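Here are my notes on the model, as numbered points. Please read them with the structure open.

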Amino acid sequence: MPPSIDALREHLRHRTGPLAALHLLPHRASSGWQRVGRPLDLTVHVVQGPDDRSGRTRDETTDELIRKDLPHPPHPPWDMWLFTSQEHRSYRICFRIDHALCDGVGAAHYLAALLADQELPAPHLHRPARPTLAAASRFAHNYLRRPPRGRAWPDLSADYQGDARIAYVDVPDDRLLALARAWGVTVNDVYLTALARAMPVWHSREFPTSPFLGLTAAVPLSVRTSRTEGAPGNHVVSMDLALPRSQSDPRHCLEAVLKQTRRAARTGYRDTAHFFIERLLAPWLTHPNPRPRHALTATHLKLPSPWTVFGSSLTAAGLFCVPTGKMPCYVSLTRAAAIARLGVVHDRRTPGAARLPELWRNALSELESQADRLAGEPASRPGLSAPDTPDTLEPDTLK
């Protein structure tokens, strides 16, 4: 049964205290944050959304929600919305927080601390390694140059235009695990390869007379450790992933992705990027609403399970980040409760993005159809897990 809004507020009242990011406001005189000197007003932060009697679907109400502003000062910029369905005896909880206050892995930690009936392990804690010179040059290449944008793809070359909306598709998580085993790679490599296969198809349908000249996506990598799992801020670095230009054989596409993810893992790119960012770019990381550098961001997060809230089992989850600046398209893979949800958040200039989840699922079918030809190639070797990112308990929303 769905909880009442009063029950949800009371549930959160005793859990918000230790979660530092929920008590911060933008500092007027700087680019940082300051702690709120008053108790949280949960009537502002915990809100009842329309139920199924409103005539709108849950997805429609979620689309409307992500276009709303977060609470303004003197209230910290986060909220939680409850959408109920009496007909189906189910509910959806959407948690939103300013991305400058909390990245996706941090938000997953906060959600578990705020909602879960039982204590859960952290969704992904990084084990630091030493920076390397090999990764330092890659970091400079990624962060100091201007990345190529949507060449011959006007909708992915312009600033975010507003009117955000979400499209998604669910597949069994076991399907991704089976594909990863068949190809000798990680689930993250399967996810990114299917996305790389889907993008040229999307482009060819939107611009049939223009060739697809490639696209560089940002792949966020969490650097949260056991010491920083609940700390405010963006504990994340970004890796550039060059998507293949042509609709070549799925194996060639996988190898192009794998070459990049394995090089990053082998050279310690994540820790090297973190080393330099902490020393060179730390002020940027705490600046409210930083402007992304890429037209497309692709994230991946696996939530711990089993997970119940008010005795109800989690059925699916989705991580979303509302586009801003020059990032009109945000893609996430969120794995929870045996379901993998591929979600796309896009603006009004990219209506064709609503087809991207289905194209991604089609690309999975391509990978499956050719898996028997691989016979153990490429050799099994760790790839690069890239969780960042819940940007609900069906689904969760970050802003």
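Is arginine 13 buried, partly exposed or exposed? Arginine 13 is partly exposed, with a relative accessible area of 45%. Keep in mind that this is a predicted model.

1. Start with the partner of arginine 13. Glutamate 10 forms a salt bridge with arginine 13. The closest N and O atoms are 3.3 Å apart. Both residues sit in helix H1, three residues apart, so about one helical turn separates them. Glutamate 10 is partly exposed, at 38% relative accessibility.

2. Helix H1 spans residues 5-13 and also holds arginine 9 and aspartate 6. These two form a salt bridge, with 3.8 Å between the closest N and O atoms. The cut-off for a salt bridge is 4 Å, so the pair counts. Again the spacing is three residues, or about one helical turn. Arginine 9 is buried, at 17% relative accessible area. The limit for buried is under 20%, so arginine 9 falls in that class. Aspartate 6 is exposed, at 53%. The limit for exposed is over 50%.

3. Now a salt bridge between a strand and a helix. The side chains of arginine 335 and aspartate 173 meet at 2.7 Å, N to O. Arginine 335 lies in strand S12 (residues 329-336), while aspartate 173 belongs to helix H6 (residues 173-183). The pair therefore ties together parts that are 162 residues apart in sequence. Arginine 335 is buried, at 7% relative accessibility. Aspartate 173 is buried too, with a relative accessible area of 8%.

4. How many salt bridges does a search of the whole structure find? The search finds twelve.

5. S9 and S12 run parallel and are joined by seven bridges. Threonine 297 stands opposite tyrosine 330 in S12.

6. Strand S9 has a further pairing, with strand S7 (residues 215-222). That pairing is parallel and has two bridges. Here alanine 217 stands opposite leucine 296 in S9.

7. Why is strand S9 largely enclosed by the rest of the structure? Six of the seven residues of S9 (residues 296-302) are buried, so the strand is largely enclosed.

Technical notes
Residues numbered from 1 in each chain as written. Predicted model: local features only at pLDDT ≥ 70, side-chain atom pairs only at ≥ 80, totals over all residues. Heavy atoms only, no water. Helix = DSSP H or I, 4+ residues; strand = E, 2+ residues; numbered from the N terminus. Buried < 20%, exposed > 50% of the residue type's maximum accessible area, 1.4 Å probe, protein only. Pairing = 2+ DSSP bridges.
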